[in-house]
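Reader: I've got the model open and want to talk through its charged pairs. Can you walk me through them?

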Amino acid sequence: MSEILQLRPGDWRTIPNLVTLLRLLLILPICGFIISGGQPVLTLVLAAIFGTTDWVDGFLARRLNQTSRFGQILDPIADRIGVALILVALTIGGLLPWWIAVLTLLMDLAVTVSLFFAKDPGSLSVSIIGKVRTAVLMVGLVLVLIARVPQWQALAEPAVLLTGLGAVLHALAGLGYIYRLLARAPRGEAG
């Protein structure tokens with residue numbers, strides 16, 4: 001775990017990391033608008049920027065050769081915090097059932113705890129189901145937000161179903177990550 005926390009001075013000062021920080025700053029206004037029920041179009045635009053910046057920061061890091069250890073740590077944290085808080089806001093706002101947020105948050109917590117028992121947590125790569133999960137969950141969340149716009153309310157039920165499927169895939173991907181993490185744990189540390 002100490003390898004993950006080793007950062008070089010100035011490692012954070014890259015364009016991709018600034019994009020990731022922008023993504024973090026968008027979370028509170030998005031959640032505030034969702035909970036208040038106001039500004040459905042602006043909320044959708046901010047959420048689209050939030051989702052797009054996840055791709056943009058990775059693209060820029062590779063394109064500009066500005067990959068950094070700080071970015072490798074911050075990017076997934078920004079994703080998890082953003083998705084978790086948006087799910088909670090959608091639940092509080094009455095747009096999603098509680099089980100979707102609870103399942104997603106509990107799985108993230110379980111994976112995080114497993115990281116502490118892993119021998120080499122930094123080498124865990126994204127699985128195919130993890131990539132599919134991300135796409136399904138993100139499309140579902142965007143559809144839930146689109147369904148807040150009065151002309152598109154008919155999308156509400158399919159959006160909830162798709163987001164629920166994304167949560168189930170999230171749990172399956174998480175179980176796979178936990179298995180892989182604990183299979184790499186030193187003997188005697190993780191049952």
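Reader: How many salt bridges does the structure hold?
Author: Quick caveats: this is a predicted model, where local features need pLDDT of at least 70, side-chain atom pairs count only at pLDDT 80 or more, and totals for chains, interfaces and linings use all residues. Residues are numbered from 1 along each chain as its sequence is written, and side-chain values use heavy atoms, with hydrogens and water left out. A salt bridge here means a side-chain nitrogen of Lys or Arg within 4 Å of a carboxyl oxygen of Asp or Glu. With that cut-off, the number of salt bridges is 5.

Reader: How far apart are the closest N and O atoms of Asp54 and Arg23?
Author: Asp54 sits in helix α3 (residues 40-63) and Arg23 in helix α2 (residues 15-36), so their pairing ties together parts 31 residues apart in sequence. Helices are DSSP runs (H or I, at least four residues), numbered from the N terminus. The closest N and O atoms of this salt bridge are separated by 3.6 Å.

Reader: Is Arg23 buried or exposed?
Author: Buried means under 20% relative accessible area, exposed over 50%, and partly exposed in between (1.4 Å probe, protein chains only). Asp54, at 26%, counts as partly exposed. Arg23 has a relative accessible area of 0%, so Arg23 is buried.

Reader: Which residues are linked with Arg23 in a network of salt bridges?
Author: Arg23 pairs with Asp57 at 3.0 Å between the closest N and O atoms, and with Asp75 at 2.4 Å. The network joins Arg23 to Asp54, Asp57, Asp75 and Asp79.

Conventions. Helices (H or I, at least four residues) and strands (E, at least two) are DSSP runs, numbered from the N terminus.
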